[in-house]
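Subject: Handing over the structure

Hi there,

Thanks for taking this one on. Here is the structure, and my notes come after it.

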Amino acid sequence: MLSRELRRAAESALLPLGALTVSLALFGVFVTLAGANALDVYYQMYRGSFATSFSLQNTLLRAAPLMLTALCTAIPASLGLVVIGGEGALVLGALAAVIAAHALSTANPWVVLTAMALAGAAAGGAWIGLAGALRTFRGVNETISTLLLNYIAIGLFKHFVEGPMRDPASLNKPSTRPIGEANALGPVPGTDVHWGFVYGLVACFVAFVLMRRTVFGFAAQMVGGNVRAALLSGLPVHRLVLIACALAGATAGLAGMAEVAAVHGTANASLIVGYGYTGVLVAFLARFHPLAIVPVSILVGGIGASGGLLQRTAHLPDATVNVLEGILFIVILASETLRGRILGPDALESEPKPTAELKPASAPTPEVSPAPSGETKRAVG
Amino acid sequence: MEAEAHSVANRRAQNGIRYAPVPTVVLFIATAALLLAACHKTEENAPGGTAATGSAASVAKADAPFVVGFVYVGPKGDYGYNQAHAQGAAAVAAMPGVKVREEENVPETVAVQKTMESMVELDGASILFPTSFGYFDPHILKIADKYPKVSFLHCGGLYQEGKHPKNVGSYFGYIDEAQYVAGIVAGLTTKSNKLGFVAAKPIPQVLRNINSFTLGARSVNPKATTSVVFTGDWSLPVKEAEAANSMADQGVDVLTMHVDSPKVVVETAERRGIFVSGYHADQSTLAPKGYLTGAEWNWAKIYTDYVNWVKAGQSYPHLLRGGLKEGFVKLSPYGPAVSDIAKSRADAAKAKLMEGTLIIYSGPLKDNTGKVVIPAGTNRPQTDIELEKMNYLVEGVVGKIPS
Amino acid sequence: MNALDQATGGLWALPLALLGGALRVSPPYLFVSLGECLTEKSGRINLGQEGTLILGAMIGYGASFVTGSPWAGVLAAGIVGLVLGTVHAVLCALPRVNDIAVGIALMLFGIGLAFFIGKPLIQPTAPRLPSLSLGAWSESAAVRSALQVNILFLLGIATAFAMRFLFERTRWGLVLRVVGESSDAARAMGYDVPRVRLIATALGGCLASMGGSLLSLYYPGSWNEGLSSGQGLMAVALVIFARWDPVRCLWASLLFGGAGALGPALQSVGINAAYNLIATAPYVLTLVIMLATSSASRTLVGQPAEITVGR
């Protein structure tokens, strides 16, 4: 029993590491074909992501929102739902957080921040919960509905930020009125990394406990395993779906609140940069395991952080990091076939895979899409 | 039923656990703590480190190349906003003893803060030109406080004396002067008297361009009107093409735009066989028949000036703005379709603007709802701060500012 | 001028703008949704169509630029689409690999690759596909321009009808449908299920990629990184919306194209309010329709049973 456990644990560690190595090797071939020196590229990536304190903090900063938005996909995955609505939940969470901050403008910052967090979580939770309701009561595929809701949420966000909620002083970059210096979410003392990173850590831990160690979590996994059996066992499937989706949206909404409070101090279009979609990637790479989301977020954050150096010193275009992420994803997926085969002859039981096995569950899941990215950058010119 | 589910769950718990719980949790907490500690510990060395780098940089400056960093929010080759800045960067790179580092596609989030920091720490940059408007607040302000020896020069003109740190400066050009002259050319070239403007967002700088273009056109052709379509964002090629096409459907025969990359609008206009006036950079190669002229930036002048000032250790103006007169903006060469009359009228206006004798925004001026926005007898020269808050469309513009 | 010209300035302005917009904007939707329809009929979902679309757009533009012929661009895009579709099929054929995740991975990879290789293509101008003037009979410039269509679009329309015929009347179509309904039954009948799916996915990718090349070679007719507004992803929704019938995909694409053109069309006739909200029209439309046609208890009519989409 123990050796089987050990074998499985070892495999769970080795497979991703092996996939990472293979991905880096393939990436090296790719950049060599593109005319760069692969070893130099590796060095620059290391330098940009982990080598110095500055790089490390850059990586952690980038990982902060990813942990939360990845949970938005990972939590419903236990139930066999493929939700990609992190982006929409994030922006609406940011908007709600700003509204809360304005409503309580004169209160103690602790109160304001708590209210902001609650408002952000509530708004995000309601949005994805809506998708969950559509799914469980009307059978509307949640992947497509959350994708559509992303676009709709962004449209709503822009409408409010540029219209009714606009700060008259923010002439050339439409933003809401700021939440105030006093309410800013500061850095963890001694570092440059803001508290949003800790939110992510805590959320991942709580999600792990919830989804893997409580009755709720096991009930959810049962629904993900076989819906009919779950129904026959008397599990409240509707309620489980709704709660899981609400929780998922709440984490993404919290990410939006953290971005407002820690980075921008206001809500504007700079929030729409694809954190939601990158979170979906992280969730898939982490195979939906909440604890694994932490190292994967850091990895993906590191890859993104090194992009700048790749541009400036290796003279590779910024899309290079996307290519690496794509290769990584493909290799990790392909490595799934080796699971249960390399360290032992017995077919080791795996976690319930949300989408592979089930007919009724799942849906097409658009993921890291550049679709909203047109709006990420710029103002004026 | 519930009990059954529960016991099934228990069995699952025993068989399905991948990691033993306690070591996992411990590992998790330990890793998190280690990471934060790593940041903290090396951060302690950082202040000394930064100072060391700073002084090392200034000592090395004498013989090492002077490093200037440019940050773009989009691709450098976009035939538009970013390319105009990149052209300025190229002028800087041509200066002796100066090295340029560029990074493109940097969004207006912490990413740009880290990019700037990285350019200072790892590339040893002494001047940074973060070129997107949205980089200023909070990003530049945060990083500028951290590196007082580095100059941060922002495109957008938001600097406020006393409020913002001394190592920050901002610059901008009154490109609407060039749009005014372009409007004159458009007004004299149009046959249908319908002009069109593809705009991104209804912010003051865009509205100012629309208005200046219209005022220029109507100064020579009082029957001209300008239709406006707002696409909603800075770079939406399909929407821009749609806007251009739907305006052409309406009979518009001269288009201009204020979007990040005018390429799509210019090419669409050429395909529809109508005229177009460019923006940001020179797009005449894209529309050999229909390109009339264009309002361009001339960042090279500002950039090389700044580099020289900082290199010599001189203090530089923190709020640098200028138009045609100062050479910060220019007009593209006239295309083949521009008549001689149009050329002479346009040149005359250009000369007057260079002298400073032509005030574009002078009263009485009504907006397109009939309200008086500049009373009679009031002149608003280009430097007038009121113009920066523009929130109206002048008479002759067809369309409303979306609310 | 003539009555129609006068009228087009007034009452007809908006409908014409919408029609013109629909004809201009819908071809990529059409091609991608036809490709996805083919793939899904075989029982597999390909979510990587967005990546295929963008890569096809870039390769098409590049090939046209290098060779001087836009048709070579379309051909090159088609080949790339075949390759990507094949990769998708091969990866999905591996045991224990989740086809939805593969689609997303390929989307990410395709987009990254397209942006990477396409950097030098943002500036140059490549020769574009010619258009056919269906409105040449009219004296009104507005009507003429609204009825400009691309030859490939007409080919796409023909393909839609041909596909329906293929599915319903040919043996190959029958095989495809059986594979999509029940792979067990197909195997029992002796059909090579992986091979059928490979062909369907590869051809589906080919169509999607050609749709992408329409974006860069016809409308908007330029390569840059903001070219796609999610057509590849919306196509999956479109196929569901069209209940897996190719001809309905055609109508759905036109509807989408029109909805996407709604914002600029309204503004060009002077209606500017709430343009951010109007821009969400296609998405709201899709959601409403999905809501109206889905049911918690039945599978969607026409859905291949092997697909894990609606319940």
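First, the ground rules. This is a predicted model, in which local features need pLDDT of at least 70 and side-chain atom pairs count only at pLDDT 80 or more, while totals for chains, interfaces and linings use all residues. Residues are numbered from 1 along each chain as its sequence is written, chains are lettered from A and ligands numbered from 1 in the order in which they are written, and side-chain values use heavy atoms, with hydrogens and water left out.

**Chain A**

Chain A has 14 helices and zero strands (helices are DSSP runs of H or I with at least four residues, strands are runs of E with at least two, and both are numbered from the N terminus). Of its 381 residues, 68% count as buried (buried means under 20% relative accessible area, exposed means over 50%, and partly exposed lies in between, using a 1.4 Å probe and protein chains only). Among the contacts in chain A with a separation of 6 or more, 77% come from residues 24 or more positions apart (a contact means heavy atoms within 4.5 Å).

Helix α4 (residues 86-103) and helix α5 (residues 109-138) of chain A pack at an angle of about 145 degrees, and their axes are 7 Å apart (axes are lines fitted to C-alpha atoms, for helices over the stretch in contact, and angles run from 0 to 180 degrees between N-to-C directions). Residues making the contact include A:G88, A:A89 and A:L92 of α4(A), and A:A119, A:G120 and A:W127 of α5(A). By class, this contact has 13 nonpolar, four polar and no charged residues (Ala, Val, Leu, Ile, Met, Phe, Trp, Tyr, Cys and Pro count as nonpolar, Asp, Glu, Lys and Arg as charged, and the others, Gly among them, as polar).

One backbone detail in chain A: A:R287 has a positive phi of about 50 degrees although it is not a glycine. A:R287 sits in the loop between α11 (275-285) and α12 (290-305) of chain A, and counts as partly exposed because its relative accessibility is 24%.

**The two sheets of chain B**

An open sheet of six strands in chain B runs in the order β2-β1-β3-β4-β5-β11, with parallel pairing (two strands pair if DSSP finds at least two bridges between them). Its edge strands are β2 (98-103) and β11 (319-322), each of which pairs on one side only. From one strand to the next, the twist averages 20 degrees. Strand β1 (residues 66-71) is joined to β2(B) by six bridges, and B:G69 stands opposite B:R101 in β2(B). Helix α3 (residues 81-93) of chain B lies across β1, β2, β4 (151-155) and β5 (168-173), at about 160 degrees to β2(B). Helix α5 (residues 136-146) of chain B also packs on this sheet, touching β3 (127-130), β4 and β5.

The other open sheet has seven strands in the order β12-β10-β9-β8-β6-β7-β17 (chain B), and its pairing is mixed. β12 (329-331) and β17 (397-398) stand at the edges with a single partner strand each, so one side of each has no neighbour in the sheet. Strand β7 (residues 225-230) and β17(B) pair in the parallel sense over two bridges, with B:V398 as the bridge partner of B:S227.

**Backbone details in chain B**

- The peptide bond joining B:D137 and B:P138 is cis, with omega about 5 degrees; B:P138 is in helix α5 of chain B.
- Another cis bond runs from B:G363 to B:P364, with omega near -10 degrees; B:P364 is in the loop between β13 (361-362) and β14 (365-366) of chain B.
- B:Y79 has a positive phi of about 60 degrees although it is not a glycine. B:Y79 lies in the loop between β1 and α3 of chain B, and counts as buried because its relative accessibility is 10%.

**Nonpolar cores**

The largest nonpolar core has 215 residues, and those with the most contacts inside it are A:V41, A:M116, A:I293, A:F329 and C:W223 (a nonpolar core is a set of buried Ala, Val, Leu, Ile, Met, Phe, Trp, Tyr and Cys residues joined through side-chain atoms within 4.5 Å). Apart from it lies another core of 95 residues, among them B:V220, B:A248, B:V338 and B:I360.

Enjoy exploring!
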